[in-house]
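Here's a quick tour of one chain, from its overall layout down to a few residues worth a look. Have the viewer open as you read.

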Amino acid sequence: AMVESTGQENISVSSRDVTIGELKDATEAFCTGTAAELVPIARLATGIDEEPFEKVFPHGQTLPGGPITSALLTILRQVMIGEKTSKSTEGWLRDPYASP
């Protein structure tokens, strides 16, 4: 849904696997969820008995996160309250008082 909700040509969103190299170079990262909306990631690390890896994202230490995470969260919330719409988000919102 996050990919669909931007509705803006100047924002490129993809869902794909990322490499360790990309994570090392990243300045921010986030995860999405229905109730969580967008949540900045503070730290990624491997588990016990795995090849050691750790990445700390400075923007993940505070809410709403870095500039990209914050901008996407703003867009998502605008869509959720009906301030912003696009072809891909038409029909997302329903009138809770309307008859079925």
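## Layout

The chain has three helices and four strands, where helices (H or I, at least four residues) and strands (E, at least two) are DSSP runs numbered from the N terminus. Going along the sequence, you get the pattern α-α-β-β-β-β-α.

A word on the ground rules: this is a predicted model, with local features needing pLDDT of at least 70 and side-chain atom pairs counting only at pLDDT 80 or more, while totals for chains, interfaces and linings use all residues. Residues are numbered from 1 along each chain as its sequence is written, and side-chain values use heavy atoms, with hydrogens and water left out.

## Surface and contacts

The chain exposes about 7,500 Å², and carbon and sulfur atoms supply 53% of that; the areas come from the Shrake-Rupley method with a 1.4 Å probe, and for residues only the protein chains shown count as cover. Of the 100 residues, 24% are buried (buried is under 20% relative accessible area, exposed over 50%, partly exposed in between, with a 1.4 Å probe and protein chains only).

Take the contacts (heavy atoms within 4.5 Å) between residues at least 6 apart in sequence: 50% of them join residues at least 24 apart.

Strands β1 (residues 30–33) and β2 run antiparallel, joined by four bridges; a pair needs at least two DSSP bridges.

Glu 37 counts as buried because its relative accessible area is 17%. Beyond residues up to four places away in sequence, Glu 37 touches Cys 31, Thr 32, Leu 73, Leu 76, Arg 77 and Met 80.

## Helix α3

Buried in α3 are Thr 69, Leu 72, Leu 73, Ile 75, Leu 76 and Val 79. They cover an arc of only 160° around the axis, so they lie on the same side of α3 (the arc is that of the directions from the helix axis to the C-beta atoms). After α3 comes Gly 82, with a positive phi near 85°.

## The largest nonpolar core

Five residues make up the largest nonpolar core: Leu 23, Ala 29, Ile 41, Phe 53 and Phe 57. Such a core is a set of buried Ala, Val, Leu, Ile, Met, Phe, Trp, Tyr and Cys residues joined through side-chain atoms within 4.5 Å. Leaving aside neighbours within four places in sequence, Leu 23 contacts Val 18, Leu 44, Phe 53, Lys 55 and Phe 57.
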